[in-house]
Amino acid sequence: MSNQARHRIEELTNEIRDHQFKYYVLDQPSITDAAFDTLLSELSLLESKHPELLAPDSPSLKVGGGFSTQFEQRDHIEKMMSLDNVFDLQELSAWFDRVEKDIDEPSYLCELKVDGLAINLTYENGQLVRGLTRGNGVTGEDVTLNVKTIKVLPHQLVGKDLPSLIEVRGEVFFPIAAFNELNESLEEAGKALFANPRNGAAGSLRQKDPRVSAQRPLSLIVHGVGAREGISFDSQSEAYALLKKLGLPTSDRYKVCGTRSDVEKFIAYYNEHRHDVEHEIDGVVIKIDSIQSQEKLGFTSRAPKWAIAYKYPPEEVITKLLDIRVSVGRTGRVTPFAFMEPVKVAGSTITNATLHNREEIVRKGVLIGDYVVIRKAGDVIPEVLGPVLDRRTGAEHAFIMPTHCPDCATQLRAMSEADVDIRCPNTQSCPAQLRERIYYIGSRAALDIDVLGYEAAVALLESKIITDESDLFDLNADKLMKSEFFIKKDGTAGKNVESLLAALEEAKTRPLWRTIVALSIRHVGPTAAQALATHCDSIAAIAKCDAQELADIDGVGSTIAQSIIEWFSIEWHREIIRKWSAAGVRVVAEKVEELPQTLAGLTFVVTGGLESFTRDGISETIIAHGGKSASAVSKKTDYVLVGAEPGSKLAKAQELGVPVIDEARFKDLLAGKG
């Protein structure tokens with residue numbers, strides 16, 4: 001009986017710990033509280049009958065939420081090798097020559113080299129038992145709890161013929177879109193930023209509290225096998241097919257090539273399309289496909305002879321930092337930026353690059369006059385990575401953050417002790433903030449007034465046609481004629497006068513949530529604005545809510561709630577609402593009658609172009625039928641609606657297992673054909 005009890009206690013312990021992890025760390029309980037209590041009661045009863053089997057770390061003795069990662073050092077079963085690198089086709093050709101001396105007519109498997117954090121996952125009888133970083137190749141850090149938070153990674157392999165043991169090698173990475181969103185949120189919150197997605201992945205995986213890792217949308221691709229028992233394959237490509245069959249996240253972006261020319265074409269294609277991939281890559285890995293040939297070629301002391309990494313030229317350049325200046329945003333945040341000698345990187349010539357905040361400048365050790373390393377990936381804003389220390393002459397000097405606003409001379413200050421950003425508190429009349437706010441009102445994110453561009457915003461303010469945004473909807477032709485920007489050479493009204501007035505009239509009919517966005521309330525973007533409009537129906541109703549009522553709205557939360565309370569506490573802000581309302585701007589939700597609420601309770605994220613809906617129209621259609629239109633994919637998303645040329649949100653949906661639908665399926669849901 002004791003052996004049966006021991007076996008059952010082990011089963012219950014593992015099952016309970018797994019459920020505790022899902023509940024406390026992942027926030028994804030898979031059984032009811034009652035069912036969990038039944039398991040825990042059974043364990044406690046068995047331990048009371050067999051006290052000799054009571055382990056000091058039994059779930060019956062510990063509070064369920066006590067998960068932490070200690071980063072203990074553990075050995076890999078089979079050594080994790082590195083890869084040798086080549087940097088041009090001539091070096092690659094030399095590797096081909098070495099391989100083909102021993103292997104006749106080899107097939108080459110080409111795959112993308114993910115710029116992430118190497119990980120080694122051990123499964124025993126299909127169960128994930130350990131996750132280790134590469135470390136020194138022999139010993140790595142145990143990050144099992146953290147790696148279990150990665151949603152694409154199965155804790156249990158699927159299928160009937162599971163290997164008794166398998167080490168799976170892969171790369172943990174931060175999807176670029178998710179990384180940019182994280183850094184934006186960190187910057188807005190005044191917290192330190194991650195330098196790049198790879199650092200973001202490493203920092204997110206190396207959290208002592210796995211709940212923090214769980215909040216970071218990490219992903220993973222597996223690309224190799226170490227020690228294994230109970231599974232065999234004859235080629236690398238066959239191994240990938242088997243790993244995929246077991247439920248592991250493999251990449252579809254690999255190709256078996258029969259010739260050197262095919263390999264070079266693969267390299268050239270992804271060098272040109274490297275920014276079309278949802279994660280960062282720094283090259284292509286070429287492997288001999290045949291396992292028998294791999295074994296014949298063998299290893300050096302550090303790397304396999306049957307594989308090589310072709311590294312792309314880094315998208316980093318060096319230029320001289322001429323000055324550090326600051327810009328003032330629409331919410332008053334003062335952001336330092338680098339002004340540099342023009343330099344071409346990633347296909348475009350740049351002179352400015354972000355430096356985020358004063359703490360980032362200190363952390364990076366950048367001085368005015370330095371030669372600095374600039375990095376730009378795809379459409380991401382260029383960033384200064386750091387100085388080239390050996391090119392310093394001694395003439396460089398430190399940047400001193402201004403104490404007063406460069407546009408209005410108001411003394412700058414932090415909004416709170418925890419805020420690393422400083423802001424200009426002169427929100428009403430600071431010229432920089434006014435320009436940015438007026439320009440933002442015309443943006444697609446707000447009221448979508450395409451003729452209200454930056455030049456028009458500057459002209460309106462410099463000519464004193466308007467004093468702030470409250471005057472915007474009182475414009476007429478006579479007022480606009482006070483600015484040369486709106487006058488033709490013959491002294492008559494330009495075409496932009498009629499265009500702007502017509503666009504402003506149309507903007508008055510935009511949905512309530514767009515009006516809310518246009519107010520530039522700190523932290524309130526389209527998603528929060530839609531939640532507010534749906535819940536409150538009018539700006540007046542929002543103004544009457546207290547902080548807790550606002551925070552309880554799904555999609556708002558305490559930080560946004562506090563910003564809203566602060567915004568409405570200012571008299572001239574309330575004057576904007578009064579004047580806009582008097583001018584006919586929508587401040588009350590449109591009462592849409594006879595529209596069936598077929599999408600009630602459903603949250604949608606849209607990616608790609610649709611045939612029957614515009615980008616704005618689809619969001620408004622979803623809301624009008626009772627649904628919620630969100631900008632980012634999460635575990636709370638019900639459907640991702642995919643059109644032509646979808647972006648990274650499709651990959652995110654696939655990572656999270658969120659249902660993906662096309663336009664035809666959406667129309668079925670809209671018509672109530674669930």
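Predicted model: local features only at pLDDT ≥ 70, side-chain atom pairs only at ≥ 80, totals over all residues.

I then checked the helix itself. α20 spans residues 557–568, twelve in number. From first C-alpha to last it reaches 17 Å, close to the 16 Å expected at 1.5 Å a residue.

I listed the buried positions next. In α20 these are I560, A561, S563, I564, W567 and F568. Seen down the axis of α20, they fall within an arc of 160°, so they line one face of the helix. On the face turned away from that buried side I found the exposed residues S558 and T559.

I moved on to the rings. How many aromatic pairs does the structure hold? I noted 16. One of them joins W95 and Y108, tilted, with 6.0 Å centre to centre and 50° between the planes. This pair links distant parts of the chain, with W95 in helix α3 (residues 89–102) and Y108 in strand β3 (residues 108–114), 13 residues apart. W95 and Y108 are both buried.

F299 counts as partly exposed because its relative accessibility is 47%. W306, at 12%, counts as buried.

I also noted a cluster: ring pairs link F604, F613, Y639 and F666.

Last, I checked charges over rings. R330 lies over the face of Y440, 3.6 Å from the ring centre. The charged end of R391 sits over the ring of Y371, at 3.8 Å from its centre.

Technical notes:
Residues numbered from 1 in each chain as written. Heavy atoms only, no water. Helix = DSSP H or I, 4+ residues; strand = E, 2+ residues; numbered from the N terminus. Expected span 1.5 Å × (residues − 1). Buried < 20%, exposed > 50% of the residue type's maximum accessible area, 1.4 Å probe, protein only. Arc of directions from axis to C-beta. Phe/Tyr/Trp six-rings, centres within 6.5 Å; stacked < 30°, edge-to-face > 60°. Lys NZ or Arg CZ within 6 Å of the ring centre and 35° of its normal.
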